[in-house]
Number of protein chains: 2
Amino acid sequence: MELSTTAYVVLGMLREQPRSGYEIKQAVDNSTRFFWAASYGQIYPELKQLAAAGLVKGEPHSQGERKSTVYRLTAAGRKELRRWLEREPKTFEMRDEGLLKLFFSVAASPESAAQSIATKRRYHENKIEQLRAIEPLAKSSADPYPYIVLRHGIELSEWTIGWCERAERELGRESRRRAA
Amino acid sequence: MELSTTAYVVLGMLREQPRSGYEIKQAVDNSTRFFWAASYGQIYPELKQLAAAGLVKGEPHSQGERKSTVYRLTAAGRKELRRWLEREPKTFEMRDEGLLKLFFSVAASPESAAQSIATKRRYHENKIEQLRAIEPLAKSSADPYPYIVLRHGIELSEWTIGWCERAERELGRESRRRAA
DNA sequence: GCATGCATGTAAGGAGTTACATGATTCA
DNA sequence: TGAATCATGTAACTCCTTACATGCATGC
């Protein structure tokens, strides 16, 4: 049984309660998005395949008047999730266009280098705001892991902002040195 | 003119000297790999397309007996690189399977959580070693930017190792608390 | 003579995003 | 009544990796 990592994200999001595809997407956007994103274009087909494989089971659900299909883990699905969790993680990837531009900045104006850093800093300032907004919820949960991971996100962005400030000062010194 | 980011990596790697596809791949592996990787399967087709678009020019080259095609930036290619460098960076993505497993760890044994963190720590310890190996070369260059970016890589991995150690201690306290 | 590295490429497939499409419901 | 949100899905496309294929050159 070879599943994509995003399939395990779907399974994982059903670990505590049944959810619809729409709710899984919301849960991803409120938690794992910054280190593993998923779009509707993945989630809905994935749910179908997981149901066909017997790892989840969909049931029609009506709350009030609105109808949806909520999925729950089957015993096989829970076992498969656990099996995956117990294997060593493999994938670690970054795609950072800002660092890339900074790397090549000798081929552009010093202002572009500064801009690449400033954009990076703003991205992480914004990210911290979003993460802090969900922090109270995560902190109050009985499950300690999501909060630990959330703290990773916040602290990583704090570190990155600090790095950007140091790099900005360094480039400032550099350009004054060249001007002198 | 809509180019992929990896096309700009190729252009960027030609900013200072002409290189063959093989040499571009080596340069990527020794520098941008950790925040923007590229495979032969991308580089060679990309070089053809860039040549067809007039942004690079390939010339047969023989050093000793070995023959290769080295590419250099055309004026249009240099201009396009510069134009890209001066736009704000957009893409910032992470795919961290270790954080994902840690996030879902309530559905597995406490040992899996510890293992996810330990694997993450080892990955970054290994990465630091690789980056330190290329540090002297980067430091001695007249172009200051690659060294700044390399320092980012080293310091980020150092920070991550520190985070892993803190998380390990926290999980240790947590499990002792539950055992008590 | 053989392994390693240099050097270039293609084909197939997986993973993921984006845009599009549809329709119901809720709230202002 | 109209905008926003809930809810589900598909099609086209891009990007990228992996596996495969080839052949020469170098050094042990």
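Which residue of chain A does B:Arg122 meet in a salt bridge? The partner is A:Glu88, with N and O 3.5 Å apart. A salt bridge here is a side-chain nitrogen of Lys or Arg within 4 Å of a carboxyl oxygen of Asp or Glu.

Before going on, a word on conventions. This is a predicted model, where local features need pLDDT of at least 70 and side-chain atom pairs count only at pLDDT 80 or more, while totals for chains, interfaces and linings use all residues. Residues are numbered from 1 along each chain as its sequence is written, chains are lettered from A and ligands numbered from 1 in the order in which they are written, and side-chain values use heavy atoms, with hydrogens and water left out.

**Chain B against chain A**

The two chains bury about 7200 Å² between them, with 67% of that on carbon and sulfur atoms. Buried area is the accessible area (1.4 Å probe) that two parts lose on being put together, summed over both. B:Arg95, B:Phe103 and B:Tyr145 supply 13% of what chain B buries against chain A, more than any other three residues. Each chain puts residues into the contact: 67 from chain B and 67 from chain A (contact means heavy atoms within 4.5 Å).

Between the chains there are four salt bridges and 26 residue pairs in polar contact, both residues at pLDDT 80 or more. A polar contact is a pair of N or O atoms within 3.5 Å; within protein, one must be able to donate a hydrogen and the other to accept it, and residues adjacent in sequence count only if both atoms are side-chain atoms. On the chain B side, H7(B) gives the most, with 13 residues. Helices (H or I, at least four residues) and strands (E, at least two) are DSSP runs, numbered from the N terminus.

Of the atoms of DNA strand D that come within 4 Å of the protein, 71% belong to sugar and phosphate.

DNA strand C has 19 residues around it, and A:Thr6, A:Gln42, B:Tyr22, B:Thr69 and B:Arg95 come nearest. For DNA strand C, sugar and phosphate make up 69% of the atoms within 4 Å of the protein.

Here are some of the phosphate oxygen distances:

| Residue | Protein atom | DNA strand | Distance |
|---|---|---|---|
| A:Tyr22 | side-chain N or O | D | 2.6 Å |
| A:Arg95 | side-chain N or O | D | 2.6 Å |
| A:Thr6 | side-chain N or O | C | 2.9 Å |
| A:Gln42 | side-chain N or O | C | 2.6 Å |
| B:Thr69 | backbone N or O | C | 2.9 Å |

**Inside chain A**

Chain A splits into domain 1 (5-85) and domain 2 (97-179), with bounds from an automatic or database domain assignment. Their C-alpha centres lie 31 Å apart. Six residues of domain 1 are in contact with eight of domain 2, and the two domains bury about 530 Å² between them, 60% of it on carbon and sulfur atoms. A:Arg15, A:Asn30 and A:Phe34 supply 72% of the area that domain 1 buries against domain 2, more than any other three residues.

One salt bridge crosses this domain interface. A:Arg15 also pairs with A:Asp143 in a salt bridge, where the closest N and O atoms are 3.7 Å apart.

Definitions and conventions: A residue is near a molecule or strand if one of its heavy atoms lies within 4 Å of it.
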